[in-house]
Amino acid sequence: MALSLRKNTGPSKFQQAADGSMTLIEHVRELRNRLFYASVGIVVGLIVGFILSDWAFDLLAAPYCGLDSSWTLGEVGQGKCNFLTLGATDQLVLKLKIALWLGLIIGAPVWLYQLWAFIAPGLHRHERKWAYVFVAIAAPLFIGGATLAYFVVQHSLEFIMTAGVIGETTQLEITAYTGFITSMIMIFGAAFEFPLVLLMLNFTGVVSARRLLSWWRTVVFLSFAFAAIATPDPGPFGMTLLAACLSLLYFIAVGVAFLNDKRKGRGKEIYAGLDDDAISVLEEERVPIGASDPVETPAPVEKPMPIERRFDDMT
């Protein structure tokens with residue numbers, strides 16, 4: 001018996017969600033399925049991350065293990081990088097945290113796609129195009145900021161530890177050190193997304209490129225102020241490096257904003273360059289006004305009746 005395969009010619013789920021024909025219950029089911037697939041991707045990434053957690057921890061511990069105070073001699077005379085542990089479950093909990101971070105990174109293609117597939121039908125075609133562009137720019141920017149944070153911590157950790165009241169490097173507690181270096185990575189990575197926010201404001205028409213350029217003194221000052229607070233090194237090296245990178249990214253964003261304004265023809269409007277309080281120019285051309293038509297003589301008004309004759313006996 002031959003089996004006939006019928007091709008589904010009806011609208012897809014994406015088309016149903018885009019044109020509004022999908023019911024509320026179908027939206028809820030779609031969200032449930034997307035969350036399930038995203039959770040599966042994160043769980044698979046978590047399993048892989050648990051396997052790679054030791055390698056990831058060695059990478060995070062490299063700045064600390066480069067200090068002489070972190071090394072102790074083992075039983076066979078070989079050096080070993082040691083941390084302090086205050087709780088019985090600290091090492092296991094830390095390994096699970098690292099595995100979860102790696103799971104989110106490894107499973108990012110899955111859960112990001114599920115998130116995008118759920119919200120994309122509600123966007124216009126040009127909005128989806130720019131979303132692809134901004135996501136493609138955001139990922140390298142965050143990676144660049146994380147790499148810079150690792151580099152700054154690696155070159156400033158010894159100075160931080162020797163500048164304290166003890167005056168020498170000591171062994172660090174494992175969870176506090178890991179939280180410190182991961183916080184630095186997140187702060188630097190998020191700071192590198194600042195130019196992307198400026199571009200979003202320009203592409204949506206909120207601010208023009210000239211307005212962004214007029215803020216350069218404030219942006220440079222805030223970049224150095226943020227770098228002075230965020231960098232762990234009290235010396236000028238880490239602060240100047242972060243501030244210089246943020247300022248450079250800001251000027252690159254302004255340059256891209258100028259290209260976008262030129263492409264859209266901004267600044268060529270009829271009222272461009274005029275102050276809000278400027279007085280409009282009056283036209284000097286005067287049109288002569290001719291004589292008006294003669295007014296007819298009004299008819300005389302009848303003499304009113306006496307007051308006693310205006311009303312009858314009833315009124």
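The model is predicted, so local features need pLDDT of at least 70 and side-chain atom pairs count only at pLDDT 80 or more, while totals for chains, interfaces and linings use all residues. Residues are numbered from 1 along each chain as its sequence is written, and side-chain values use heavy atoms, leaving out hydrogens and water.

**Transmembrane spans**
- UniProt's unreviewed entry puts "transmembrane region" at residues 35-57, 98-119, 131-154, 174-201, 213-231 and 237-259; such annotations may be inferred rather than shown by experiment.
- Residues 98-119 are 95% helix and 0% strand, with end C-alpha atoms 29 Å apart.
- Residues 237-259 come out at 100% helix and 0% strand, and their end C-alpha atoms are 33 Å apart.

- H3 (residues 90-106) and H6 (residues 174-191) pack at about 20 degrees, axes 10 Å apart.
- They are therefore roughly parallel (angles under 35 degrees).
- Asp-90, Leu-94 and Trp-101 of H3 meet Ile-174, Thr-175, Thr-178 and Thr-182 of H6 (contact means heavy atoms within 4.5 Å).
- The residues of this contact split into 3 nonpolar, 3 polar and 1 charged (Ala, Val, Leu, Ile, Met, Phe, Trp, Tyr, Cys and Pro are nonpolar, Asp, Glu, Lys and Arg charged, the others polar).

**H7 with H10**
- The axes of H7 (residues 194-203) and H10 (residues 236-264) come within 9 Å and cross at roughly 15 degrees.
- That makes H7 roughly parallel to H10.
- The residues of the H7 and H10 contact divide into 9 nonpolar, 2 polar and 2 charged.

Technical notes:
Helices (H or I, at least four residues) and strands (E, at least two) are DSSP runs, numbered from the N terminus. Axes are lines fitted to C-alpha atoms, for helices over the stretch in contact, and angles run from 0 to 180 degrees between N-to-C directions. Angles under 35 degrees count as roughly parallel, over 145 as roughly antiparallel, 65 to 115 as roughly perpendicular and the rest as oblique.
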